[in-house]
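I opened a new notebook page for this chain. Below is what I looked up, entry by entry.

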Amino acid sequence: MIPTSHGLERAFAVAIAAVLVVSVVAASVASAGGGGPGDDLAFDPDVPDTESFSAPSADGTATVDGETYESLQAAVDAADPGDTVRVDGRFDETVVVATRNVTLAGSGPGRALLHGDGEGDVLTVDAAGVTVAGLWVRNSGYSTAENDAAVYVNASRVTVRDSRVTDTTFGVWLNGVSDARIANNTIVGRAEITRLTDRGNGIQIWKTEDAVVRNNDITTVRDGIYYNWAKDVVASGNTMWDLRYGVHYMYSDDCVLRNNTAFDNDAGYALMVSKHLVVADNVAVNNTGQSGHGILVKSIDDTDIRGNHLVGNGNGLFIYNSVSNRIVGNLVAGNDVGVHISAGSTEETVYNNSFIRNDRPVLAVMNDQVHWNESVGNYWSRANPTDVDDDGVGDTRYKPAGAVQQLTAEKPAARVFASSPAFDAVRLAESSVPVVRSPGVVDARPLTEPPHDNWRTYYERD
């Protein structure tokens with residue numbers, strides 16, 4: 001019987017794969033793996049030195065309506081709605097604000113300190129419209145079960161800004177409120193609590209709606225910003241490091257996460273069991289701990305993930321049991337795995353992303369072959385697509401989770417042959433003649449140039 005052209009093509013691909021396996025096995029004996037692609041990162045964000053805080057030593061004075069008090073609680077109790085309580089020096093007490101529209105105006109977090117007794121909450125806000133500004137609040141209780149917090153907010157339209165929160169279990173707790181504003185604060189937990197799961201969260205958002213969390217620096221807690229049953233919360237400009245998760249969503253819909261930075265955590269942004277989110281223009285760098293994700297997407301639906309920079313993480317993007325999401329315009333560079341996708345996440349729209357210098361571009365744990373796009377795809381630093389009409393869009397498909405990637409995952413020593421003619425032959429066979437419809441991800445029209453030409457800034461040193 002004369003072989004058909006299809007049979008010849010299939011035999012050609014199988015023969016090449018067999019040759020590769022033999023070569024790789026030999027290489028496994030002779031070669032050892034090197035460091036990951038993110039090892040040479042140059043990333044130095046501007047964050048406060050949390051070891052250099054100096055507490056005021058002068059006894060505290062609080063002034064309201066021309067009267068001066070040596071107890072902050074007494075001054076707060078004397079205030080009428082609309083009054084400002086001016087705070088200076090150190091107060092060793094706990095305080096409850098029960099009058100609406102009162103402002104606690106500290107003379108600055110280095111000059112006005114409210115030091116708790118190490119039990120329960122330090123500052124509790126039970127009245128609407130209260131503002132806390134320029135104050136250092138520290139030394140809450142140690143109980144996560146009792147939700148011990150430095151600032152516990154039980155009322156709506158409360159603002160906490162330009163302040164410092166340290167030596168605490170939970171930093172700021174929003175307890176079923178609306179219209180809260182948490183901005184320009186520094187929140188530091190307890191370094192002596194070494195297990196991250198034994199700490200509280202920096203900002204706890206519980207059943208809260210229409211809140212804004214902006215420009216806060218958060219470290220040494222469990223999760224930087226934790227959402228539980230929240231809705232319509234905007235978080236922007238926050239910086240979070242040395243945590244379990246920089247941001248953690250649970251059962252929280254219609255929220256916006258924009259222009260935040262998470263680095264040196266177990267995971268940068270952990271998005272779970274939520275929908276209708278906007279996750280845009282965030283940075284996740286060197287999140288390589290136990291979880292090791294730049295952005296983790298678990299049971300997330302109908303969400304925009306766009307314009308983010310995911311650099312030098314374990315997985316740049318981890319997608320699990322999530323559908324109908326739009327992943328557009330992200331830089332995914334220098335990660336161990338660019339995208340790890342599994343558990344039925346088959347209805348994503350993925351285009352205009354730059355996948356550069358990832359040790360493994362895609363790890364696809366699935367039973368189906370998924371096409372991410374049909375007209376305009378993504379840039380893959382290993383693809384080298386042909387572009388006959390010179391429109392910047394490749395003419396041949398690319399399978400970032402194809403035979404070569406599967407082989408290098410099973411035989412890490414094979415990565416030294418990533419640019420070899422033999423590997424290129426297999427890629428060519430997969431891109432031009434889909435002889436085997438194997439499970440994985442297919443980019444139908446890969447880009448010839450990366451949309452992100454500034455990716456090298458993460459590796460450049462002064």
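I began with strands and helices: both are DSSP runs numbered from the N terminus, helices being H or I with at least four residues and strands E with at least two. By that rule I found M250 in strand β22, residues 245-250.

**Ground rules.** This is a predicted model, where local features need pLDDT of at least 70, side-chain atom pairs count only at pLDDT 80 or more, and totals for chains, interfaces and linings use all residues. Residues are numbered from 1 along each chain as its sequence is written, and side-chain values use heavy atoms, with hydrogens and water left out.

**Confidence.** I checked pLDDT, the predictor's confidence in each residue from 0 to 100. The chain has a mean of 87, and 83% of its residues reach 70 or more. Over residues 1-38 pLDDT stays under 50. Where pLDDT is low, the predicted coordinates should not be read in detail.

**Whole chain.** I noted four helices and 40 strands. Of the 462 residues, 54% count as buried. Buried means under 20% relative accessible area, exposed means over 50%, and partly exposed lies in between (1.4 Å probe, protein chains only).

Is M250 buried or exposed? M250 counts as buried because its relative accessibility is 15%. I then listed its contacts (heavy atoms within 4.5 Å).

W229 itself lies in the loop between β19 (223-228) and β20 (234-236). Its relative accessibility is 48%, so W229 counts as partly exposed.

**Aromatic pairs.** I looked for rings of Phe, Tyr and Trp (its six-membered ring) with centres within 6.5 Å; planes under 30 degrees apart are stacked, over 60 edge-to-face, and the rest tilted. The structure holds 13 such pairs. One of them is F170 with W173, edge-to-face at 4.9 Å centre to centre and 80° between the planes. Both F170 and W173 are buried.

W380 and Y398 make a tilted pair, 5.6 Å centre to centre with 50° between the planes. W380 sits in strand β39 (residues 379-380) and Y398 in the loop between β39 and α3 (403-410), so the pair ties together parts 18 residues apart in sequence. W380 is buried at 2% relative accessibility, and Y398 is buried at 6%.

Last, I logged one aromatic cluster, formed by F43, W241, F263 and Y458.
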